[in-house]
Amino acid sequence: MNPRKSTNFLSNDDFKAIIAADAKATALGLPFNVLISIHPRTTREMTLKERLAECKRIRDNYCQFGRQNRFERAWLYVREVALETMAEHMHLLCHVPKKLRATLIANAKGWGDEPDACHSREASTEGYWSDYGYWFSDLHYICKQMSPQAVFGRSYHRIAGAPVIGARWGASRNIKGG
């Protein structure tokens, strides 16, 4: 993707590719079970290169943890911008073996440059219907800034977002491409 290209939301094709990546990860026995969210407080003062480097650093930290603990990694990230603050942030869904989840969740909290910039928790593979008739899951939570066309005919909750410059989403090589 052109690093200068701006996207306002996940397109229908993006959403289908993300769902396919999740299905492939599950088929490989690598279901997403940890959600890491990075919310750098200084994101508006950061340059584009610095924001992209921060997102890559978090993904690299996860991959390094996997190499050190010798497990196969699968990850999926989505970058988005909250309209209220115009602050860019990233959500990373990843696979971690059960015995290492608590360790990764504890370690990930220190990956941010500022205190409380990085939040991590166990991700649910199950979804549920809200009182308003929307389907929620951790995968759909990270995809909430979809285009109206991607949401059409689906019972997913959509939140408008602001432009993101560069790649809006990505996945590890072993699951990308469905």
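Two strands are said to pair if DSSP finds at least two bridges between them. In this predicted model, β3 and β4 meet that description, pairing in the antiparallel sense over eight bridges and forming a hairpin with four residues between them.

- In the turn of the β3–β4 hairpin, M86 has a positive phi of about 55°.
- β4 is mostly covered, with eight of its eight residues buried.
- A87, H89, H91 and L93 point one way from β4, whereas E88, M90, L92 and C94 point the other way; all are buried.

**Helix α1**

- Helix α1 spans residues 12-27 and has 16 residues. From its first C-alpha to its last it reaches 22 Å, close to the 22 Å expected at 1.5 Å a residue.
- The buried residues of α1 are F15, I18, A21 and A25. They lie on the same side of α1 because they cover an arc of only 120° around the axis.
- An α-helix has 3.6 residues a turn, so residues three or four places apart point the same way.
- On the other side of α1, D13 and A27 are exposed.
- The cover over the buried residues of α1 includes β3 (75-82), α4 (138-142), α5 (148-151) and β9 (169-171).
- Just after α1, G29 takes a positive phi of about 80°.

**Helix α3**

- In helix α3 (residues 101-108), the buried residues are R101, L104, I105 and A108. Their arc around the axis is only 100°, which puts them on the same side of α3.
- A102 and A106 are exposed on the other side of α3.
- Among the elements that cover the buried residues of α3 are β2 (34-38), α2 (48-68), β4 (87-94) and β5 (118-122).

**Cysteines**

- The structure holds zero disulfides.
- C55 is in no disulfide; the nearest cysteine sulfur, that of C118, is 11 Å away. With a relative accessible area of 7%, C55 is buried.
- C143 is likewise in no disulfide, and the nearest cysteine sulfur, that of C94, is 15 Å away. C143 counts as buried because its relative accessibility is 0%.

Methods. Residues are numbered from 1 along each chain as its sequence is written. This is a predicted model: local features need pLDDT of at least 70, side-chain atom pairs count only at pLDDT 80 or more; totals for chains, interfaces and linings use all residues. Side-chain values use heavy atoms; hydrogens and water are left out. Helices (H or I, at least four residues) and strands (E, at least two) are DSSP runs, numbered from the N terminus. The expected span of a helix is 1.5 Å times one less than its number of residues. Buried means under 20% relative accessible area, exposed over 50%, partly exposed in between (1.4 Å probe, protein chains only). The arc is that of the directions from the helix axis to the C-beta atoms. Contact means heavy atoms within 4.5 Å. A disulfide is a pair of cysteine sulfur atoms within 2.5 Å.
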